[in-house]
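Hello,

Here is the structure I promised to hand over. Please have a look at it first, and then read on for what I found.

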Amino acid sequence: MLCLRSGLTRALAARMPTPQVCASFATGPRQYDGTFYEFRTYCLKSSKMNEFLENFNKNVHLRTAHSELVGCWSVEFGGRMNKVFHIWKYDNFAHRTKVRKALAKDKEWQEQFLIQNLALIDKQENEIAYLVPWCKLEKPPKEGVYELVIFQMKPGGPALWGDAFRRAINAHVNLGYSKLIGVFHTEYGALNRVHVLWWNESADSRAAGRHQSHEDPRVVAAVRESVNYLVSQQNMLLIPTSFSPLK
């Protein structure tokens, strides 16, 4: 009887369809590339912004000796004033742990940057995100300004909203008014959150491009589909610092 049940169980399992998982945003166990990005946001005390950036510029080489700085920006529009946003790249979590331990032992970094700047910082936040598999980290053609758009999507993950979101992004890319730098899916922090980083020649060229996109039927159709899965969104206009690799 036991053998009969076991055989019946295997037969039913063989007939059941394999679950289909949307791989376009795959993270966690499905994230084959271990490389991830740490988003750090520092809210500075009033009147301390320039002092912080000057010290960062002077000593950034001490920090980049340990890991790669992708970009560093000051927030011009969209949120709290006196805010600095920067992105760091790591090969995997073991790499980040190794870097943090090395920084804790780096007396020069501690004395020349960390201790001096801690008094200038009012609040710190961080998130861990993967670059989505269908998007490579790009570089701008020249210096400009950046827009970081943050999408909070409905629970259910990329299997629910990944394809529609990708179509909406590609619709904007195809117009060519703005260059896509990267699309990131949060692993630690607010879940079901996607960060999209755009480059524009100027704030005015960005505004002109947005007006154009609002009148394009392809963009309108793609966005209408994607917003069915959207909870909220916000954006920031970012100005690259003098020492930012992404200008």
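To start with the surface, the chain exposes about 13,800 Å², and carbon and sulfur atoms supply 53% of that area. Please keep in mind that this is a predicted model.

As for the chain overall, 44% of its 247 residues count as buried. Its secondary structure comes to 7 helices and 8 strands. If you take the contacts between residues at least 6 apart in sequence, 83% of them join residues at least 24 apart.

Helix α2 (residues 49–64) packs with helix α4 (residues 107–118) at an angle of about 155°, and their axes are 10 Å apart. Because angles over 145 degrees count as roughly antiparallel, α2 is roughly antiparallel to α4. The crossing of α2 past α4 is left-handed.

By type, the residues of the contact divide into 5 nonpolar, 5 polar and 2 charged.

The other spot I looked at is tyrosine 188, which sits in strand β6 (residues 179–188). What does tyrosine 188 contact, leaving aside its neighbours within four places in sequence? Its partners are Phe93, Glu127 and Ile128. Glutamate 127 is 61 residues from tyrosine 188 along the chain, and the C-alpha atoms of the two are separated by 5.6 Å.

Technical notes:
Residues numbered from 1 in each chain as written. Predicted model: local features only at pLDDT ≥ 70, side-chain atom pairs only at ≥ 80, totals over all residues. Heavy atoms only, no water. Helix = DSSP H or I, 4+ residues; strand = E, 2+ residues; numbered from the N terminus. Buried < 20%, exposed > 50% of the residue type's maximum accessible area, 1.4 Å probe, protein only. Contact = heavy atoms within 4.5 Å. Areas by Shrake-Rupley, 256 points an atom, 1.4 Å probe, with all protein chains shown as cover. Axes fitted to C-alpha atoms, helices over the stretch in contact; angles between N-to-C directions. Parallel < 35°, antiparallel > 145°, perpendicular 65-115°, else oblique. Left-handed = near helix turned anticlockwise from the far one by under 90°. Nonpolar A, V, L, I, M, F, W, Y, C, P; charged D, E, K, R; others polar.
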